[in-house]
Amino acid sequence: MQSSSIDQLSRTPLSAEALKDFACAVYQQAGVPPADAGLAADALVQADLWGHQSHGLLRLGWYYARLRSGAMKGVTRLQTVTDAGAVGVLDGNDGVGPVIAHQATEEAVRRARAHGVGIVSVRHSNHFGTCMYFTRQGALQNCAMLMMSNGGPNMAPWGGLQKKIGTNPWSIGVPAGKHAPMVMDIANSGVARGKIYLANNRHEPIPANWAVDTQGNPTTDPKEALKGFILPMAGHKGYAIGVMVDVMSGVLSGSGFQDQVHGPYDPVNRSRAGHFIMALNIDAFQPIAEFQTRMEAYIASLKSVPVAAGHDKVYYPGEIEAEADLRHRANGLLLPADTLSALEQVGNEAGIAWRDFVRAVDSSNRGSP
């Protein structure tokens with residue numbers, strides 16, 4: 001497509017389902033079986049639907065490059081290393097990250113059903129996108145979920161000037177009665193690295209408190225930030241949490257840790273990412289109906305406070321994403337021009353006609369989730 005066509009397309013709401021079909025076709029071309037390709041594509045597009053474009057289709061080209069090089073295996077073969085009742089250790093054998101995380105989450109839920117708690121440790125996985133895709137998966141099965149993962153280093157140890165610690169996200173998700181699940185999903189950096197890539201794609205400056213350059217000086221230039229270091233959230237506290245997530249995800253699982261881990265931006269090296277997943281069967285604590293009622297009361301209490309100036313209402317964690325999902329499914333997704341150009345390039349590399357999958361949302365259906 002010509003640049004003018006891409007610019008016009010960036011102002012056109014696009015069908016999420018069509019975009020997912022395109023991503024699925026790209027994955028399949030790289031050797032991923034159809035069902036797994038559909039899951040991996042859904043995980044990407046779902047991030048865009050939630051409004052987290054830093055973890056959405058922006059990343060498809062990176063994953064495709066890793067599949068082509070063999071750093072990530074198209075066929076996922078998950079192997080049980082340890083089966084110890086409530087605890088399981090799985091080896092992902094460098095398979096597709098979202099596929100591994102999905103299967104590991106189901107395994108944690110299964111063990112929680114049998115033992116009240118299910119803990120699954122995963123070694124030799126790959127980046128899987130957003131944690132909340134999987135904690136929400138368990139929450140919809142009436143479990144309280146905790147998930148964490150390590151990643152390629154982009155933060156320096158507190159007081160240092162060398163990358164050692166990843167943003168290392170973690171998420172907690174619980175069912176919330178009549179509401180969409182309550183979900184927290186955060187990185188231990190002040191901002192996810194993908195948001196700096198997104199700012200770079202949009203040719204926008206970043207806030208001065210997101211990152212420092214290679215000499216440790218604050219920068220608003222996303223290019224300099226990507227060369228330098230992302231800052232931890234809450235100073236030394238975010239650094240300490242990031243370290244402990246690395247220990248629980250990488251050291252405990254027998255996977256890589258610190259600079260042994262390679263992120264999705266690296267097209268050729270094994271990821272060696274590790275994950276830690278815990279599922280709690282809520283029925284082991286109290287009847288699920290009672291828990292759901294208590295969660296509804298909890299959310300009602302949060303929303304009962306006066307609304308501060310500049311805000312429309314009080315949100316509970318995960319509510320903004322749930323509303324964005326409904327809105328984007330009805331009204332379509334707007335993607336930056338650079339992301340669309342990257343998707344076109346991936347389509348060309350994969351021999352897939354990108355234009356066959358570009359479909360605007362019917363304007364007559366907008367506004368009707």
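Helices α4 and α12 are roughly parallel to each other, a class that takes in angles under 35 degrees, whereas angles over 145 count as roughly antiparallel, 65 to 115 as roughly perpendicular and the rest as oblique. The structure is a predicted model, in which local features need pLDDT of at least 70 and side-chain atom pairs count only at pLDDT 80 or more, while totals for chains, interfaces and linings use all residues. Residues are numbered from 1 along each chain as its sequence is written, and side-chain values use heavy atoms, with hydrogens and water left out.

The axes of α4 (residues 60-69) and α12 come within 9 Å and cross at roughly 25°; axes are lines fitted to C-alpha atoms, for helices over the stretch in contact, and angles run from 0 to 180 degrees between N-to-C directions. Helices (H or I, at least four residues) and strands (E, at least two) are DSSP runs, numbered from the N terminus. On the side of α4, the contact (heavy atoms within 4.5 Å) is made by L60, G61, Y64 and R68, which meet L343, V346, E349 and A350 of α12.

The strands include an open sheet of seven, in the order β1-β2-β3-β9-β4-β5-β6 and with mixed pairing, where two strands pair if DSSP finds at least two bridges between them. Strands β1 (79-84) and β6 (179-186) stand at the edges, each with a single partner strand, so one side of each is left without a neighbour in the sheet. From one strand to the next, the twist averages 15°. Strands β2 (residues 87-91) and β3 (residues 117-125) pair in the parallel sense over five bridges, and L90 has V122 in β3 as its bridge partner. Helix α5 (residues 97-115) packs on the sheet, where it touches β1, β2, β3, β4 (143-149) and β9 (273-281), and its direction makes about 160° with that of β3.

Aromatic rings of Phe, Tyr and Trp (its six-membered ring) pair if their centres lie within 6.5 Å, with planes under 30 degrees apart counted as stacked, over 60 as edge-to-face and the rest as tilted; by this rule the count comes to seven aromatic pairs. One of them, F22 with W354, is edge-to-face, at 4.9 Å centre to centre and with 75° between the planes. F22 lies in helix α2 and W354 in the segment after α12 (337-350), so the pair ties together parts that are 332 residues apart in sequence.
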